[in-house]
Amino acid sequence: MITLKNEHLSIQVSEHGAELCSINCGGKEYLWQADPAFWKRHSPVLFPIVGSVWGNTYRVDGKEFNLSQHGFARDMEFTLVSATESEVHFVLTDTEATHEKYPYSFRLEIGYRIKGKKVDVLWKVTNTDEKEIHFQIGAHPAFYYPQYDESPNRGYFAFSPTSKLNYIGLQEKGCVNPVTHYDVPVDGEGLLPLNIHTFDIDTFIVEDSQLTSVSILDMQKNPYLSVHFTAPVVGLWSPPTKNAPFVCIEPWYGRCDCANYSGEYKDKDWTNHLAVGEVFEASYTIEIH
């Protein structure tokens with residue numbers, strides 16, 4: 001476990017999955033501590049898919065491959081390549097085992113940088129293959145609610161921009177119906193109340209770059225934590241029906257399949273493409289208030 005710290009906060013990152021495992025600010029833990037009774041992870045990196053492919057099967061040039069939800073990177077050992085007091089970087093490269101699930105050569109670099117009360121999460125994907133590669137990448141950080149007690153209420157989501165939002169939902173086998181859109185059920189102030197029933201629908205999937213940040217507010221509507229991003233898709237999730245103590249804000253460059261999708265992997269929604277030698281870079285920021 002690698003620790004970064006400054007005068008405001010400290011974070012811990014594991015080489016396993018290059019996963020962020022702790023954000024401590026002022027003696028308070030903000031990142032979910034992976035109690036398996038609710039969810040056994042903290043903040044996994046989703047690669048080379050986000051969500052599920054239909055029937056856990058996808059196709060490259062007509063050949064079928066099997067890949068479980070969110071891909072394999074989160075369960076692999078990364079290599080530490082650099083570390084300072086404020087920044088750390090890990091790398092994962094393809095192996096014979098990954099080629100059985102994902103037929104491309106790649107270099108995936110995950111970095112974390114702290115400054116003040118902010119954590120920057122840095123992604124870099126390099127095509128080391130001799131052909132174009134296709135991939136998705138996403139985040140899945142889980143944050144403790146500011147309030148978790150016998151009350152059914154947990155706080156609020158605030159959104160930026162504050163314009164009217166719509167989402168799509170999961171339909172079957174972890175896949176979506178992209179045709180039917182629903183309004184995000186915000187209140188008169190544009191806030192989404194967080195309570196024990198907010199995630200009865202499972203996941204709010206907000207597409208088309210409608211958002212650049214999502215903030216958690218406490219019951220008094222004071223800012224608690226924000227996630228800032230440029231990703232075109234964001235997922236909002238907490239385990240349905242479990243009354244879990246946490247909520248996830250998930251910037252995605254990708255999304256699960258549409259239900260019954262049988263096309264090529266490269267043609268699925270929100271897939272990224274890299275020519276030989278090209279590099280994809282993206283990031284998001286977690287801010288403690």
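In the hairpin of β22 and β23, five residues lie between the strands, and Lys 221 takes a positive phi near 70°. Helices (H or I, at least four residues) and strands (E, at least two) are DSSP runs, numbered from the N terminus. The model is a predicted one, in which local features need pLDDT of at least 70 and side-chain atom pairs count only at pLDDT 80 or more, while totals for chains, interfaces and linings use all residues. Residues are numbered from 1 along each chain as its sequence is written, and side-chain values use heavy atoms, with hydrogens and water left out.

Five of the seven residues of β23 are buried, and the strand is mostly covered. Buried means under 20% relative accessible area, exposed over 50%, and partly exposed in between, with a 1.4 Å probe and protein chains only.

These strands belong to an open sheet of nine, with antiparallel pairing and the order β8-β9-β10-β11-β27-β23-β22-β15-β20. The edges are formed by β8 (79–83) and β20 (192–195); each has a single partner strand, so one side of each is left without a neighbour in the sheet. From one strand to the next, the twist averages 20°, with axes being lines fitted to C-alpha atoms (for helices over the stretch in contact) and angles running from 0 to 180 degrees between N-to-C directions.

Grid points are joined across faces, edges and corners, and a volume is the space filled by probe spheres set on the points. The largest pocket holds about 290 Å³ of space. It is lined by 15 residues, of which Gln 69, His 70, His 140, Thr 203 and Trp 237 are the closest to its centre. The elements giving two or more residues to this lining are β21 (203–206) and β25.

One cavity of 30 Å³ or more is present in the structure. The largest cavity contains about 80 Å³ of space, and of its 14 lining residues Tyr 145, Asn 195, Ile 196, Ser 238 and Pro 239 are the closest to the centre. Ser 238 lies in the loop between β24 (233–237) and β25 (246–253) and is buried, with a relative accessible area of 3%. A polar atom of the Ser 238 side chain lies 2.6 Å from the backbone oxygen of Phe 246; a polar contact is a pair of N or O atoms within 3.5 Å, where within protein one must be able to donate a hydrogen and the other to accept it, and residues adjacent in sequence count only if both atoms are side-chain atoms. Apart from neighbours within four places in sequence, Ser 238 is in contact (heavy atoms within 4.5 Å) with Tyr 145, Phe 199, Asp 202, Ala 244, Phe 246 and Val 247.

Backbone geometry was also examined. Most residues other than glycine have a negative phi, and most peptide bonds are trans. The peptide bond from Phe 47 to Pro 48 is cis, with omega near 5°, and Pro 48 is placed in the loop between β5 (45–46) and β6 (57–60). A cis bond with omega near -5° leads from Ser 160 to Pro 161, the latter in the loop between β15 (153–160) and β16 (166–167). Ala 34 has a positive phi near 65°; this residue is found in the loop between β4 (28–29) and β5 and is buried, at 14% relative accessible area. Trp 270, not a glycine, has a positive phi of about 60°. Trp 270 is found in the loop between β25 and β26 (272–274) and counts as partly exposed, at 28% relative accessibility.

Notes:
Two strands pair if DSSP finds at least two bridges between them. On a 1 Å grid over the protein atoms alone, a cavity is a set of points where a 1.4 Å probe fits but cannot get out, and a pocket is an open set with protein on both sides within 12 Å along at least five of seven lines; lining residues have an atom within 4 Å of a point.
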